[in-house]
Amino acid sequence: MGNLIPSASDTQSRTWPTPTHGDFTITNFTFGTGEILSELHLHYQTLGTLRTTTSRDGRTTTNAVLIMHGTGGSSDNFLNDDFAGQLFNVGQLLDASQYFIILRDAIGHGRSSKPSSTGLKTRFPRYTYNDMVRADHQLLTEHLGVAHLRLALGTSMGGMHTWLLGGIYPGFADALMPLASLPAPITGRNYMWRKMIVDAIRTDPSYRDGEYTADEPPLAGLRTAASIMLLMVLAPLYLQNEGRTREAASSWLEEQIATRMGSMDANDLVYALEASREYDPRPGLPRISVPLVAVNSADDEINPPELGILEREMNRGMKEGLGKAVILPISKDTRGHSSHTIAVLWKEYLEELLNKTA
């Protein structure tokens with residue numbers, strides 16, 4: 001999920017480099033449905049300089065790091081004190097003077113092609129997570145010149161993309177770090193809340209089968225969507241602290257709903273949620289050939305640890321010794337599902353992974 005929560009940073013300064021923006025156009029991109037988009041535009045931001053080395057096997061890249069955002073988010077989600085301020089500054093784990101950091105806007109998100117930006121609305125191809133990962137691979141290899149990744153890290157939907165990338169392109173990255181995700185199809189409550197949002201939008205009379213206007217969007221459906229997402233992505237302890245009185249809770253809720261609705265487009269959101277419909281990385285788990293550290297939090301309402309899915313699927317599918325599952329304990333600093341972009345909570349496990357794969 002996109003990150004719209006207050007900072008939990010331990011006061012790091014904003015000294016990471018100014019990102020360089022770029023765009024890549026794939027002509028006649030064919031989606032898994034068979035639909036073809038004549039021009040698929042992918043936007044990205046990079047920090048740092050790509051480095052290469054030559055060996056007996058040829059020339060390859062050594063310092064590229066791909067970081068993938070969540071549903072409804074964009075590359076901008078990482079450029080804040082809680083993430084970049086903990087990782088990208090000089091001397092930090094992903095020091096942008098040492099690494100080439102790629103923050104991309106996935107298909108249907110940010111400044112990349114999506115139903116709203118193309119004017120296609122519901123005629124936009126019905127993309128899936130596999131399409132998104134395949135397009136990312138083309139961006140990296142055909143446009144940015146990245147033959148190999150030092151690290152692939154993703155949050156929420158981006159975490160699911162990390163699981164897929166590891167199985168579809170085994171060995172393409174030295175290390176994998178999916179955050180706030182599970183290596184299994186989206187079912188149960190995780191499917192139900194997504195369906196609630198999609199149904200609320202589609203049954204709003206103003207939706208008009210996706211042909212609504214900017215002046216009359218499906219506000220009732222979007223308000224329901226924002227409300228459900230708030231409950232799912234944040235933790236009870238955090239929400240209790242934000243709403244210690246009924247008045248404080250009401251004020252905070254209205255502010256948050258208004259903020260989220262302001263950045264939502266109904267078709268874009270429906271497409272983004274339904275893109276998970278075929279997600280199933282399990283067939284690719286045995287093909288993952290590099291160390292992987294999966295980090296979830298104990299207060300994550302989207303991926304509740306009591307289901308035991310993370311450990312079960314990793315043990316069943318991955319080669320012994322490659323995977324490590326971490327469940328962050330509940331604390332005053334965790335934010336439920338949204339803990340994925342608060343790097344101070346999990347950066348020790350990133351350091352461990354980088355050291356292991358050095």
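**Notebook: a surface patch and aromatic pairs**

I started on the surface, where Tyr-191, Met-192 and Met-196 make up a nonpolar patch with about 320 Å² of accessible area together. The model is predicted, and I read the entries below with that in mind.

Helix H5, residues 188-202, holds Met-196.

Next I turned to the aromatic rings. A pair of aromatic rings is described by the distance of the centres and the angle of the planes. I noted eleven aromatic pairs. One of them joins Phe-83 and Phe-88, with 5.9 Å centre to centre and 80 degrees between the planes, an edge-to-face pair. I checked the cover of these two residues: Phe-83 and Phe-88 are both buried.

I went on to Phe-124 and Tyr-127. Why is this pair edge-to-face? The ring centres are 6.3 Å apart and the planes stand at 90 degrees; angles over 60 count as edge-to-face, so the pair of Phe-124 and Tyr-127 is edge-to-face. For burial, I found a relative accessible area of 0% for Phe-124, which is therefore buried. Tyr-127 has 1% relative accessibility and so counts as buried.

Last, I looked for a grouping around the Phe-83 and Phe-88 pair. Phe-83 and Phe-88 belong to one aromatic cluster with Phe-78 and Trp-346.

Terms used:
Residues numbered from 1 in each chain as written. Predicted model: local features only at pLDDT ≥ 70, side-chain atom pairs only at ≥ 80, totals over all residues. Heavy atoms only, no water. Patch = residues over 30% accessible without salt bridge, like charges linked within 9 Å, V, L, I, M, F, W, Y side chains within 5 Å. Areas by Shrake-Rupley, 256 points an atom, 1.4 Å probe, with all protein chains shown as cover. Salt bridge = Lys/Arg side-chain N within 4 Å of Asp/Glu carboxyl O. Helix = DSSP H or I, 4+ residues; strand = E, 2+ residues; numbered from the N terminus. Phe/Tyr/Trp six-rings, centres within 6.5 Å; stacked < 30°, edge-to-face > 60°. Buried < 20%, exposed > 50% of the residue type's maximum accessible area, 1.4 Å probe, protein only.
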